[in-house]
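Good morning, colleagues. Please look at the sequence and the structure on the screen before we discuss selected side chains.

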Amino acid sequence: MLMYRPLPCIVTFIGIVFALAACKPTNPTAQNATQIPITQAPSSTPSPSPSPTLPRGILSTPVLGRLVEPLLGALYTRTPTATFTITPTPTLTPSLTPTPSRTPLPTFTPTPTQTFTPTPTPLPTLTPTVTETPAPYRPAVLFPLRDKNGALVDWSYARVTSLYLDSRSKPVSLSAALSFQLLDRGIHRQTIQVVGQDLTVYYLNAQKEFNGQMRPARVILGGEWGRDIPLENITSSGSFFVDVLVLSPGAAFDPFIIHRDSIQPFEKLPASFQGTFFSDFQTKLASLPDQLIAVADGPILFNDAAKEDVEYYLQNVPYLAARTNYLVSAEKRQEVVEITGSSPAAQNLADFLLKESPL
């Protein structure tokens with residue numbers, strides 16, 4: 001949980017482990033060609049010209065001679081003379097025979113169509129990308145704050161939020177909320193070995209006060225299998241999220257209620273406890289004011305039933321392996337991970353909280 005003011009604020013990280021340094025495109029092809037309508041051009045065949053009229057006056061001379069011949073014969077004896085009859089010769093007028101002509105059809109030149117070259121378009125993915133940016137030194141500053149029970153919240157603040165004892169009053173399950181001073185606004189990473197596998201762990205750089213002395217610490221957010229995996233290359237679905245609750249100025253801070261709500265079944269979880277993308281969290285973290293208190297609530301000791309779950313986490317769930325491996329001692333026997341007990345760091349922290357033993 002992050003609590004701030006601008007006003008200060010408090011940020012609570014749910015289910016988070018605290019590691020002390022001492023412990024450790026369809027490209028459509030556009031058819032732009034325009035179809036030119038094919039229209040039958042008017043025929044160029046000429047129409048026949050009217051035939052010329054034959055001359056008619058040339059036939060009148062022989063006809064007149066035959067009419068006057070009886071009259072002249074009675075007056076004198078006619079000496080036959082040769083007469084010429086002009087026989088008209090018909091003049092043939094050539095007729096024009098239509099010659100079929102081939103009218104070329106109009107041609108069209110196809111308009112070149114634009115060919116689109118498909119370019120790869122990145123598909124949306126479910127993985128939010130986080131750009132790593134330099135994290136300059138920027139230590140958070142305390143502001144006056146008390147929890148709902150009146151306890152002062154400073155860099156030494158620690159409250160047990162869940163405790164189960166066995167029949168001999170020995171703690172078998174323990175969770176607690178601890179305050180931390182963030183030293184910058186970045187998300188850091190480190191590669192560790194967990195039961196023989198490389199695991200990249202993502203954490204916040206911080207420090208905490210124990211017995212009046214500030215000690216380096218890390219607030220573990222999650223992890224991913226592999227060596228030195230950048231945040232933007234995370235592929236495990238659960239590793240995309242971190243459970244963060246940001247309280248606005250003046251809001252009541254009750255670590256017990258926060259712990260109780262955070263362990264409800266998923267269908268009953270309040271919306272504020274259903275996870276925040278790393279990318280959103282990093283953006284939010286950088287925008288918070290200097291007056292800031294970070295509080296992480298998480299497990300320290302596991303009961304026997306929970307240890308079986310942790311054995312599975314250490315082999316199969318990277319973000320939970322990152323959060324729990326500091327708290328248990330485990331061995332891998334014939335490909336099976338077996339938890340042999342709590343880690344020395346977890347047991348020392350439990351003694352500090354329950355018995356006020358020095359770390």
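This is a predicted model: local features need pLDDT of at least 70, side-chain atom pairs count only at pLDDT 80 or more; totals for chains, interfaces and linings use all residues.

Leaving aside its neighbours within four places in sequence, which residues is Asp184 in contact with? They are Ala135, Pro136, Arg138 and Asn205.

Asp184 is placed in the loop between β5 (171-182) and β6 (188-194). Asp184 is buried, yet it has no salt bridge; the nearest side chain of opposite charge is that of Arg185, 6.8 Å away.

I turn now to the aromatic residues. The count of aromatic pairs comes to 3. One of them is formed by Tyr157 and Phe253, a tilted pair with 5.9 Å centre to centre and 55° between the planes. This pair links distant parts of the chain, 96 residues apart: Tyr157 belongs to the loop between α1 (60-75) and β4 (158-165), and Phe253 to the loop between β10 (244-246) and α2 (255-262). Both Tyr157 and Phe253 are buried.

Phe210 and Phe352 form an edge-to-face pair, at 5.2 Å centre to centre and 75° between the planes. Here strand β7 (residues 197-210), which holds Phe210, is linked with helix α6 (residues 344-355), which holds Phe352; the two residues are 142 residues apart. Both Phe210 and Phe352 are buried.

Finally, charges over rings. The charged end of Lys208 sits over the ring of Phe180, 5.9 Å from its centre. Arg218 lies over the face of Tyr203, at 4.4 Å from the ring centre.

Technical notes
Residues are numbered from 1 along each chain as its sequence is written. Side-chain values use heavy atoms; hydrogens and water are left out. Rings of Phe, Tyr and Trp (its six-membered ring) pair if their centres lie within 6.5 Å; planes under 30 degrees apart count as stacked, over 60 as edge-to-face and the rest as tilted. Helices (H or I, at least four residues) and strands (E, at least two) are DSSP runs, numbered from the N terminus. Buried means under 20% relative accessible area, exposed over 50%, partly exposed in between (1.4 Å probe, protein chains only). A charge sits over a ring if NZ of Lys or CZ of Arg is within 6 Å of the ring centre and within 35 degrees of the ring normal. Lys and Arg count as positive and Asp and Glu as negative; His and the chain ends are not counted. A salt bridge is a side-chain nitrogen of Lys or Arg within 4 Å of a carboxyl oxygen of Asp or Glu. Contact means heavy atoms within 4.5 Å.
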